[in-house]
Each structure stands twice: as structure tokens, then as C-alpha cells.
Amino acid sequence: MEKTKENFDVAVIGGGPAGMMAAGRAAKLGAHVVLLEKNGNLGKKLLITGKGRCNITQAEFDMKKFTEKLNGKKGKFLFHALSVFGPEDVIDFFEKRNLKTKIERGGRVFPVSDRSRDVLNVLAGYLKDGKVKIISEAEVAGFEMKNGKIECANLKNGKIYADNFIIATGGKSYALTGSTGDGYVWAEKLGHKIIALVPALVPIRVKEEWAKDLQGLSLKNIQIIVWQDGKKQETRFGEMLFTHFGLSGPIILDVSKKVGELLTKGKVIMQIDLKPALDTEQLDKRLQRDFTNNINKDFKNYLPDLLPKKMIETIIKLSGIEADKKINSISKEERKKLISLLKNLQLEASDLLGYDQAIITSGGVDLKEIDPRTMRSKIVSNLFFAGEIIDLDGPTGGYNLQICWSTGYLAGESAAKKK
């Protein structure tokens, strides 16, 4: 990169979704913008989101309901940003740029093409239209202050001068994509408080060895309940996946943050309800009917009517019922044991996988130190934040990318208007 003495209206640090949206919006309003990205290309993490399909946003258009999904009461911080650029606006943004979208189960919004590359191409075009100067392989080492403001960003072989700066460097998850937590270090040096960082939306290891036998098995329409000290802590309904280390899949990722918090206090039990549509009494009646209709079948040959094939051997072992036992010989106690396994299959969480497997980082720049109406720092007057670096996150399903779009758009708009 060549040294430059060029002065910009807005300098955006981080070429992820929040940074690209911020740079594009600022440029659209007439600001002279530079976007600094330490990778060779923009949007490296964006390309792998949604397994390469890119879950653009969540089709929840009620702001109150949307924000209730985010960090409890902290979600209210996003009200204004959503009112400026919410899920409907995001869908409209991409549709107007010829990227058709579709809504799938759970309100997940994807491009019709199922290609995250198409999402990135739209953003690249947005930056080009605004004549944003993009400097790749630009590693920021820190900032120089003057009269309580940031004067310039120091690069390895140059300085970037700007009237306003936006930090949108993401979190610490998937470090290979460039998310190494640099932004937290800079924010702290500039006087900001950083709320404790933890990996979130991350798979969970369990202690039970039998879980490994189910590796690759996906279960749909089941319920997961998280317990500690006999108290119900969290509940989710949907899809999960058994892996070689334990559990993954949408509902597991969603409860992982809570599980991580609870593990610091003690033992955490995860209860899987394989038949959530039936209560215990209803399930018992169903089994009694089934047993009556299959009296001469072996136990192992009846179970395919009740369970996925891959799960049969494990349930037989856990139930203690002999595989070749005839249905008409199964005792009431054995039937009750089977019901218990179907409604209350328990695993003990041992720990969470690390940042290299986490979709996002929870924690970040304290929301109390950011103006929610502008995304401007309350400590450094020409500094703005956007995206995952702030202490705000949500469940799977497009919520976290929407946080990036909304805060990026608002930060870019606010920085441009302040120029």
C-alpha cells in the first residue's frame, strides 16, 4: 500500500457486512469515504455465513418482537437503528439491486440463488457506486488523538486521516476470516469499557460417550430444555444435530450462550424431548395402542415406528430392554423407562467449543457508551461503532446480520452528516 496524505470525511475500519454497509451509506450521502480491510478481499466471513447461503435477515417486522430476541433488555438499544433500516429495508435494498430473496422456515431470509457471493457482489457494487476508496491488506495498528478526537489511523506503512472514524471490525469468532478482536483492544485504549467476551452460537460438548454413536443424526421438531440445580433455565424447539463431540444445530447454538454462563456456576443438564407434541400421558397411551397392535414383534423391530433408524441401538442400550424381547412381554416399568427416554433424554454439558467454531462473539463495547440514535461514541466525539464489536447479539436466523446492517447503515449515515 502506498502512503497517502489524502484526507477523508469518513474512514471505516473493517470490510465485513457492517463496515461495507456503513461505507456505502456514508458515500451515498456524499461523503468522501475510505474502507480499510486487513484481508486481501472484502466480506471473507460473510461468504461462509449460512453455510455459504447467507441468511440475510430475519422476517420479523415487528420491532418489539425483534428486539426481544436480543440480549434481553439490551435489545431496546437497536430500536432506532431498526426504525431507520430494518428487515424490510434490507430486503428492499437487495431486491432493488436485482438480488431476489425468499423466506424459509423460521423467518430466515436467503437470496433465491442460495449464494452468499451474490450478496457480497451487491455490496461491492454499492461501494463502487459511491466511489468508496477500498484499501485491502491494511492493518490498523492504532489511532492518534488530537484535542480529544481521532486525528488519524496508523497503518504499517502510512496514516489515514479522516474527520470521522467507524470501527466495524467484528468479533473474535472464525479468526481465520480476520476476526481477531483488534477492535476491542482499540476501543479499550480509547477509553471504552468492554463487556466480557464469550463465544456464542457455538456447538456444545457433552460428557456422555453414547452421543458419539449418533454422529451425523439430525433431529427435527424436538425440544431442548436446559436445567441447573433442578430449575429450568432455557427452552428451544426446532432442529438439532449430534456430532462427534456432542451437540450442534440451530436450537443448540441458540442455547449455547446460556449454557456457557451456567457452566461457570456448576453442572448443566440438557434434556431432549423427542416427542414434544405429546405429554407423558398421551405418549403412554400411544405406546399401549402400539404394543397392542404389535404384540408379536420384537422390541427392536417396533422401534423404527417410533425413532430414527440411527437412534434405535442407543435407545435399546439406555432402556435396558432386550432387543429381541417380544412386545407383549415388555413390563409396565420397562414401558415407563422407554417413555422417560423419549421425553427426557439427558446429556450433561461439559463445555463449549471455542471461538474457531463460534458463529459470533457475545460481549463487546458497552452499549451505555454508544448513542443509539447515531452509533457515535459518547467518549470520542468523532468515533462510531457498528456490527458485532458492540455488546449486542441474537439467536440464529438472520438476527445478527440484521444488527450489522442496521448499525452499519446508521453509523454511516450519522458520520456522513457530521462531516
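Reader: What makes you speak of a barrel here, and is the pairing parallel or antiparallel?

Author: In this predicted model, six strands close up in the order β11-β14-β13-β12-β15-β16, with antiparallel pairing. From one strand to the next, the twist averages 45°.

Reader: How do you know that β11 and β16 count as a pair?

Author: Count the bridges. A pair needs at least two, and three bridges join β11 (residues 204–206) to β16 (residues 345–352). That meets the cut-off, so the two strands are paired, and they run antiparallel. If you want a spot to look at, I204 stands opposite L352 in β16.

Reader: What makes you say helix α11 packs on the sheet?

Author: Its contacts. Helix α11 (residues 332–343) touches β15 (269–273) and β16, where touching takes heavy atoms within 4.5 Å. The direction of α11 makes about 105° with that of β15.

Reader: Now to N164. Why is N164 called buried?

Author: Buried means a relative accessible area under 20%. N164 has 1%, so N164 falls in the buried class. You'll find N164 in strand β9, which covers residues 158–167.

Reader: And what does the side chain of N164 reach?

Author: The backbone oxygen of A415, at 3.4 Å. The limit for a polar contact is 3.5 Å, so this pair counts as one.

Reader: Which residues touch the most other members in the largest nonpolar core?

Author: F94, F143 and W405, in a core of 79 residues. Helix α12 (residues 399–417) gives this core its largest share, 10 residues. As a general point, nonpolar side chains tend to be buried together in soluble globular proteins.

Reader: What does F143 touch, leaving out residues up to four places away in sequence?

Author: Quite a list: I13, I150, C152, A153, N154, F165, I167, W186 and L190. There's also a second, separate core of 49 residues, with I251, F299, I339 and L342 among them.

Reader: What share of the chain's residues count as buried?

Author: 54% of the 419 residues; each of those is under the 20% cut-off. The chain exposes about 19,000 Å², and carbon and sulfur atoms supply 48% of that.

Reader: Among contacts between residues at least 6 apart in sequence, what share join residues at least 24 apart?

Author: That share is 72%. For the overall picture, the chain has 12 helices and 20 strands, and its C-alpha atoms fill a box of roughly 85 × 45 × 35 Å along the principal axes.

Methods: Residues numbered from 1 in each chain as written. Predicted model: local features only at pLDDT ≥ 70, side-chain atom pairs only at ≥ 80, totals over all residues. Heavy atoms only, no water. Helix = DSSP H or I, 4+ residues; strand = E, 2+ residues; numbered from the N terminus. Buried < 20%, exposed > 50% of the residue type's maximum accessible area, 1.4 Å probe, protein only. Polar contact = N/O pair within 3.5 Å; in protein donor to acceptor, adjacent residues only side chain to side chain. Axes fitted to C-alpha atoms, helices over the stretch in contact; angles between N-to-C directions. Areas by Shrake-Rupley, 256 points an atom, 1.4 Å probe, with all protein chains shown as cover. Core = buried A, V, L, I, M, F, W, Y, C linked by side-chain atoms within 4.5 Å.
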